Amino acid sequence: MQTEDHITSEPRIKKLEPVLLPGEIVVNEVNFVRKCIATDTSQYDLWGKLVCTNFKISFITDDPMPLQKFHYKNLLLGEHDVPLTCIEQIVTVNDTKRKQKVLGPNQKLKFNPTELIIYCKDFRIVRFRFDEAGPESAKKVCLAIAHYSQPTDLQLLFAFEYVGEIYHNPAKKVNGVDPGGGGGSGGGISSASGQQTPLFETYSDWDREIKRTGASEWRVCSVNEGYMISTCLPEYFVVPSSLADQDLKLYSHSFIGRRMPLWSWNHPNGSALVRMANIKDVLQQRRIDQRICNAITRSHPLRSDVYKSDLDKCLPNIQEIQAAHIKLKQLCVNEPFEETEEKWLSSLENTRWLEYIRSFLKHSAELVYMMECKHVSVVLQEEEGRDLSCLAASLVQVMLDPYFRTIVGFQSLIQKEWVMAGYQFLDRCNHLKRSDKESPLFLMFLDCVWQLLEQYPAAFEFSEMYLTILYDSARISLFGTFLFNCPHQRVKESTEFAISKNIQLGDEKGLRFPCVWDWSLQFTSRDRLLFHNPLYIGKSAPCVQNGAVKTFKRSKKNYSSTLRGVPPAIKNGIISEQEFLPRRNSLILKLKPDFLQQTESQSNSMEQYFRDWFAKPVDLHGVILPHISGTQIKLWKLCYFRWVPEAQINHGGFIAAFHKVSLLADEVDMLNRNLRQCKSNSPLQGNCSELDQGRMYFRANGLDDTSGAPDFLSSSFPFSPVGNLCRRSILGTPLSKFLSGAKIWLSTETLANED
């Protein structure tokens, strides 16, 4: 061991206490713990206390974080905290006995650990050393973390303890805000932009969406009120006006999960987007299917035909997506990072993650064509109608409707197509560690949206930081938004919990859990400005004429196109037959040949539609279509690389452009405020509050600001890899070899029985 690795400083003896939320309790702790910071030296390591609560693991220290000039603060979590639901795997190591063990919830530990390695679902790896800590205390805290991070029952998740404490002590608030938001009655939640995000828990939310999209031949159905028909459907949903409630009750028995057809969205031309589970009654299948299709046809002003898309046949299944995600995770946290550089692109291709991203974008673009060009309603058919259809329906709406490219619109889309439509967040996010049901479909959706954001940055109000933080929030067990498999499960489980805790619910349907869309629970108003994309062009832009501020609507001729000169081999964003064969070291992958079941003339018509669309300037408030050729589908580096120190680019990455554009946008805002002030002839002091407010995170010091970028900017901003993914040698032996193999993400089957 190198001499610089020798710890000469004495651990501090000082009382360090964690910051606890209502309902949060400390279950175990150990003092004199060392958190490993750097990969090749221990001189930056931090001394402190490691605490396990029923919500998180927390490392508390008075030592300042070295090598770090900026920290993005979450109000619910400390700088060194990891939510229990974010923990993927727990490995204990004993240097002396050369042993290691993956800890399960009820397993024994036959050796005293000298090191604890926490593998997180967001690709972080955190290491703690127990050189100076009591061996029994170290063992107990490791076992406590293993136990509380792998609960066996839904009601053991922290959100239940939290809301129980709030109901018994209503005066308690988190960050000065009443936390009783989502997951109960009410119309919506105020978002980062101050607007209300509809939760689609009420009749009125669905009715407003019908009116917003002009779906005059559709109605809100309350046949499932009280979950009388199906427990995996919302209480209210939208159906064709020609379908009577009695018919719906009759037909519901024939669908898997009794999941009747669900309306998602209406095109201005009258075409509808509908989701439907498979019909299990073979004898009645044709008759019921025809009845449903006829009702959808009658809801179209042109009485157009219905196009059915069988997602189970044309898209990767959840097991394939999970396998790709595991390979991607292994690649992004591989050790050592430098050794994979030569074959990194081919290794990335072999994960098939980008191939599946391309598949969803391609198929969604084809469905856009059917609705936009052919004017037909589209039915997304899937076995249960609550996995692939969530992703496909959401992508189609993001491409077609600019409202869903705003922050409030995007949040309402997730509420409507994921939360209320019964996406199984509990199982797919694996909150209870039932790995056979885990699949990162929600992450894949966010990745697909990021691809569109990357290709059309001016079309989206939100930034990639917003998407990344939204993904992280799904791993925090405080919010009811991403905690349950369906709305009925929330009502059922929370009602049982309320009875056991003697909580009086009154007229409420279950407990009201905090909603993730109330971003003030997690971030300050300044930090929430990072959600806003400075490149976004709103539907109307300010214009000054003769000192008066006016607005003008942008027409297509106002947009400059950056899409001209697309190589013909790309086939206008849709991969042609010649592109099916992958080239060596290329990200163009072979796609399934049965994506479309149309005649050759229809295929030619589709190709012509895409060719014509890509030949025109982009209307940022109209349809957007993805480029899906090899180099145009990229790896979402901020999400997957933010914890890898070797992958960081100081003063580089997208944040460099984000910073410059933010300053420019802030200068434009300052000019507009000055012009308004001059026109009103009001004193400057009277507008100080307005001048202090801005919509950009990075503010210009004044007009013509020439100051450089802050020192803390890097490609991982606003996250910091310091203290994460520590791959320092143990007793001079590389960690990867010590743990048997190059893959640092350990196999439970390999290590579970090693004592």
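Q: Which residues in helix 15 do Phe160, Glu161 and Gly164 in helix 2 meet?
A: This is a predicted model: local features need pLDDT of at least 70, side-chain atom pairs count only at pLDDT 80 or more, and totals for chains, interfaces and linings use all residues. Residues are numbered from 1 along each chain as its sequence is written, and side-chain values use heavy atoms, with hydrogens and water left out. A contact means heavy atoms within 4.5 Å; helices (H or I, at least four residues) and strands (E, at least two) are DSSP runs, numbered from the N terminus. On helix 15, the residues that meet Phe160, Glu161 and Gly164 are Glu493, Ser494 and Phe497.

Q: How many charged residues does the contact of helix 2 with helix 15 have?
A: Ala, Val, Leu, Ile, Met, Phe, Trp, Tyr, Cys and Pro count as nonpolar, Asp, Glu, Lys and Arg as charged, and the others, Gly among them, as polar. The contact of helix 2 with helix 15 has two nonpolar and two polar residues. Its charged residues number two.

Q: Is helix 2 oblique or roughly parallel to helix 15?
A: Helix 2 (residues 158–168) packs against helix 15 (residues 487–500) at about 50°, with axes 11 Å apart. Axes are lines fitted to C-alpha atoms, for helices over the stretch in contact, and angles run from 0 to 180 degrees between N-to-C directions. Under 35 degrees is roughly parallel, over 145 roughly antiparallel, 65 to 115 roughly perpendicular, and the rest oblique. Therefore helix 2 and helix 15 are oblique.

Q: Is the crossing of helix 2 and helix 15 left-handed or right-handed?
A: A crossing is left-handed if the near helix is turned anticlockwise from the far one by less than a right angle, and right-handed if clockwise. Where helix 2 passes helix 15, the crossing is right-handed.

Q: Which are the edge strands of the open sheet of eight strands?
A: Two strands pair if DSSP finds at least two bridges between them. The eight strands run in the order 4-3-2-1-8-7-5-6, with antiparallel pairing. Each edge strand pairs on one side only; they are strand 4 (82–83) and strand 6 (99–102).

Q: How many residues of strand 7 are buried?
A: Buried means under 20% relative accessible area, exposed over 50%, and partly exposed in between (1.4 Å probe, protein chains only). Glu115, Ile117 and Tyr119 point one way from strand 7, and Leu116, Ile118 and Cys120 the other way. Of the six residues in strand 7, the buried ones number six.

Q: Which residue in strand 8 is the bridge partner of Ile117?
A: Strand 7 also pairs with strand 5, antiparallel, over six bridges. Five bridges join strand 7 to strand 8 (residues 125–129), again antiparallel. The strand 8 partner of Ile117 is Arg127.

Q: Which residue takes a positive phi in the hairpin of strand 7 and strand 8?
A: This hairpin has four residues between the strands. The residue with a positive phi, near 80°, is Phe123.

Q: What is the average twist in the open sheet of four strands?
A: Its order is 13-14-16-15, and the pairing is mixed. Strand 13 (262–266) and strand 15 (306–310) are its edges. From one strand to the next, the twist averages 20°.

Q: Which residue in strand 16 stands opposite Ser309?
A: Strand 15 and strand 16 (residues 377–382) pair in the parallel sense over five bridges. Opposite Ser309 stands Leu380.

Q: Is Gly538 buried or partly exposed?
A: Gly538 sits in the loop between helix 15 and strand 17 (540–545). Because its relative accessibility is 23%, Gly538 is partly exposed.

Q: What share of the residues in the chain is buried?
A: The chain has 21 helices and 18 strands. Of its 755 residues, the buried share is 59%.
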